[in-house]
Amino acid sequence: MSDLHNIIAISGAICPSFFVEKLTAAIHNEPTEGKEKPQVESVRLKWECPPADASKLVKEGDRKCRVYNEVQYFTDRGVKVVALPNFQALTFLSELQVEFTTPIANIGKAVAESLKDKEGLKLGYLGLASEPKFEAVKNSFEGIAKVEWVVAEEDAQKMLKEYELKFFDKNLNAEQKEEALSILRNGCHSLQEKGAELILPSCTGQVEYADALNAAGFRLIDIVGVYAHYLCTKSWAQLPKPFKLGIVGGMGPAATVDLYDKITRATPAKIDQDHFKVVIEQNPQIPDRTKYLLHGGIDPTLSLYSCCKKLEADQVDAIVFPCNTAHAYIETIVPHLDVPIINMQRTTLEEIKKKFGEKAVIGLMATDGTCETGIYSKKADEMGLKCVRPDPEYQKYVMEAIYGEKGVKAGYTTGICRDQLLEAAKHLVKDKAATVLILGCTELPLILDEDDNFDIDGKKVAIVDPTSAVARKVVTIATLVTKERGRK
């Protein structure tokens, strides 16, 4: 079995088959200087192209999607580098590369590298100078090679453009091939007349005629050999991936929306692109976490684990649960994941300790399941913080505010549910001396807002929203990772 990390992959989506064959042979013949010779794989996936009368937007987008699929195919196989042997692809190479960590070798930079010691060289471009492709080729040379670009006369450029697609057709008859060669000769002659010392083919299809043009006295760059050398000699490494957060959603749906909204608001962004990537595995069918812990029923462990594995497969850097009670299952799940879960309770308590000090008395308003499992109280004890919970009669108010007919899970955020929650809050402040109240169910912040100076019967207390605490933590982590990797 070949080493996937030593495979040079060739995408044939928008490249003539004869160029792929020539490039494969050139890579095999490239001296390795004692190193292991790389393997070469190519692919041309089946693809249903848009109709001939499709718009330019559709045709251009279709071409990009086709190339994307082939790069994805090779990325899934873990190859070292993907060769995209088409100058037109340079116009969207940056759009393509940002979607992958597998490097895609820039054929324009390969040519530039071969000319970096020829400063001032007059380089002829065998194509239409007014199209975006030429600008993309020139941009590939920036910072690598300084050349003086030479373009053909306008009539010659137009002929080259009109015949461009036919250069890719290996099934042309003798008369058509001679016509194609004649157009290329005229283009090369125009460039030579204007002082071009070397000529760069504008498309890989022109390579089929390179030998005949060289024999006629025109000096064409051997883009096959140049690209093969570049692919074999450059040190290729995986690009850093952008930070991506995974959210196990659906516990409940409104709490998931609330978390995502708070992450968005906490992110210091001026434009869309300043935000980081987020993947939400929205699964409202995850069995009730509290019900299983206290009354039996369906165990949500596998549903939670399945969501985490799907997010892991999507290459997230961290996972969050917008549900406090679900954290009771983390101890089972975490050992079987390669991705960390940001612990909501620890994050919240660390923030409280830092902001309000060790003497803060924490009043917990949460589901029976969260209270009974001790996911807050045990961590508070470990951190030297005092955590109190409502007496049973007031705990019923909290549960009604969450699960009642007029509770938050039924879509209510004002009225009876708010009154019930405030009754529990007053009890914790007056009877339990709480100075900080935790909204320990991720749907309770839909009823009460986070507030450092909330008035309860004339006494100022802090209300802490764990969802907001996690949002702030995630943004901090994302900012640091993005700065370290240098990629959004």
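## Helix 17 against helix 18

In this predicted model, helix 17 brings Y394, Y397, V398, E400 and A401 up against C417, Q420, L421, E423, A424 and H427 of helix 18. Sort the residues of that contact by type and you get seven nonpolar, two polar and two charged.

Now for the geometry. Two packed helices are described by the angle between their axes and the distance between the axes. Here helix 17 (residues 392-403) and helix 18 (residues 416-432) pack at about 150 degrees, and their axes sit 8 Å apart. Angles over 145 degrees count as roughly antiparallel, so that is the label for helix 17 and helix 18. As for handedness, the two helices make a left-handed crossing.

Strands of a sheet pair through backbone hydrogen bonds, either parallel or antiparallel. In this case three strands make an open sheet, ordered 6-5-7, and the pairing is parallel. Strand 6 (147-151) and strand 7 (198-201) are the edge strands, each pairing on one side only. From one strand to the next, the twist averages 35 degrees.

Zooming in on one pairing, strand 5 (residues 121-126) and strand 6 run parallel and are joined by five bridges. If you want a spot to look at, L123 has W149 in strand 6 as its bridge partner.

Is T301 buried or exposed? Its relative accessible area is 16%, and the cut-off for buried is under 20%, so T301 counts as buried. You'll find T301 in helix 12 (residues 301-313). Setting aside neighbours within four places in sequence, T301 is in contact with Y329, T332 and I333.

Terms used:
Residues numbered from 1 in each chain as written. Predicted model: local features only at pLDDT ≥ 70, side-chain atom pairs only at ≥ 80, totals over all residues. Heavy atoms only, no water. Axes fitted to C-alpha atoms, helices over the stretch in contact; angles between N-to-C directions. Helix = DSSP H or I, 4+ residues; strand = E, 2+ residues; numbered from the N terminus. Parallel < 35°, antiparallel > 145°, perpendicular 65-115°, else oblique. Left-handed = near helix turned anticlockwise from the far one by under 90°. Contact = heavy atoms within 4.5 Å. Nonpolar A, V, L, I, M, F, W, Y, C, P; charged D, E, K, R; others polar. Buried < 20%, exposed > 50% of the residue type's maximum accessible area, 1.4 Å probe, protein only. Pairing = 2+ DSSP bridges.
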